[in-house]
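Please look over the sequence and the model shown here. A brisk report follows them.

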Amino acid sequence: MGLRMDDLHAPTVGSGPTSQPLSNGTEGELTLQELIARKENLEAELTALGSVLDSHNVDMNTPLLTPDGFPRADIDVAQIRTTRSRIIYLKNNHKDLMRKLEVAVQEAFATGKAPEVPAATTSTAASRAPAVQAEPAAASSGAVIEPPFARVNTVASNSPADQAGMLAGDKVTRFGTANWTNHERLSKVAQVVQTNENRAITVKVLRESSSTAASQPLELQLTPRRDWGGRGLLGCHLLPI
């Protein structure tokens, strides 16, 4: 005998700040910053709900019934099922919100100014390969320019970052697979660097232009390596924004 979704008990997990549905007809009027704030609140609630499951030593797929079809007595089945239902609901909202954010980001960059994101991560020949010269991203390519999540604080001379063309003040919008949605306070960046030693990583940055008010999008090729004469694999310092 199985348990059906319409048999859910009354919720035993409090709703977080993102308990309002996204389909209220007003989200299209929200600013980019408001959409980002909503995304952060939603993700914070998902994290809290994940902790609830962790406290029961279960995940989204752990069986809640005994082999003979009865609810397990060693866990709070009602709370776990309610928590799972809420997680599914929020994840669907998150997908919808990310689509709206993508549109909002494109519209913000269409105005000619990069939006600020509110604060809240092998062969020797490859390492010796000449750095690819940074070139502006084509405005007509239709590529989405993502919001920055980190700022380059310092760049050491003759370092991999320096040879890639990175400058202090550049704002990073993508570092390999790390971007504003998943960088986890730059921990994802560290992971990308560690797993790509002596291999080129595509890094996208925004650079302030002295001739125009708009930030210039650039694409760099950065190869982390140890033998450049300084500390670390990059020779630059990033700060989350």
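## Basis and confidence

This is a predicted model, in which local features need pLDDT of at least 70 and side-chain atom pairs count only at pLDDT 80 or more, while totals for chains, interfaces and linings use all residues. Residues are numbered from 1 along each chain as its sequence is written, and side-chain values use heavy atoms, with hydrogens and water left out.

The pLDDT is the predictor's confidence in each residue, from 0 to 100. Its mean for the protein is 75. A value of 70 or more is reached by 71% of the residues. Helix α4 (residues 160-163) has the highest confidence, at a mean of 94. Helix α3 (residues 124-128) has the lowest, at 31. Residues 1-27 have a pLDDT below 50, and this stretch has 52 contacts in the model beyond near neighbours in sequence. A contact means heavy atoms within 4.5 Å. Residues 117-143 stay under 50 as well. For them the model has 43 contacts beyond four places in sequence. Where pLDDT is low, the predicted coordinates should not be read in detail.

## Fold and surface

Five helices and seven strands make up the secondary structure. Both are DSSP runs, numbered from the N terminus: helices are H or I with at least four residues, strands are E with at least two. Their order along the sequence is α-α-α-β-β-α-β-β-α-β-β-β.

The protein has 241 residues, and 38% of them are buried. Buried means under 20% relative accessible area, exposed means over 50%, and partly exposed lies in between (1.4 Å probe, protein chains only). The accessible surface is about 13500 Å². Carbon and sulfur atoms account for 52% of that surface. These areas come from the Shrake-Rupley method with a 1.4 Å probe; for residues, only the protein chains shown count as cover.

## Nonpolar cores

A nonpolar core is a set of buried Ala, Val, Leu, Ile, Met, Phe, Trp, Tyr and Cys residues joined through side-chain atoms within 4.5 Å. The largest one has 31 residues. Among those with the most contacts inside it are Phe149, Met166, Phe175 and Leu238. At least two residues each come from α1 (32-55), α2, β2 (150-155), β3 (171-175), α5 (187-194), β5 (201-208), β6 (215-222) and β7 (236-240). Helix α2 gives the largest share, four residues. Domain 1 (30-109) and domain 2 (148-238) each contribute at least three residues to this core. Those bounds come from an automatic or database domain assignment.

A second, separate core has eleven residues, including Leu46, Ile75, Val77 and Ile87.

## Salt bridges

How many salt bridges does the rule give? The count is eight. The rule asks for a side-chain nitrogen of Lys or Arg within 4 Å of a carboxyl oxygen of Asp or Glu. Side chains of opposite charge can pair when their charged atoms come close.

Asp227 is partly exposed, at 40% relative accessibility. Arg225 is buried, at 5%. Elsewhere, shared partners link Asp96, Arg99 and Lys100 into one network. The closest N and O atoms of Arg99 and Asp96 are 3.3 Å apart. For Lys100 and Asp96, the N to O distance is 2.7 Å. Arg99 and Asp96 are three residues apart in helix α2, about one turn. Lys100 and Asp96 are four residues apart in helix α2, so about one helical turn separates them. Arg99 is exposed, at 51% relative accessibility. Lys100 is partly exposed, at 22%.

## Single residues

Ala78 lies in helix α2 (residues 77-110). Is Ala78 buried or exposed? Ala78 is buried, because its relative accessible area is 17%. Ala78 and Leu64 are 14 residues apart in sequence, and their C-alpha atoms are 9.6 Å apart.

Most residues other than glycine have a negative phi. Asn158 is not a glycine, yet its phi is positive, about 65°. Asn158 sits in the loop between β2 and α4. Its relative accessible area of 51% makes Asn158 exposed. Arg185, also not a glycine, has a positive phi of about 55°. The loop between β4 (178-179) and α5 holds Arg185. Arg185 is partly exposed, at 48% relative accessibility.
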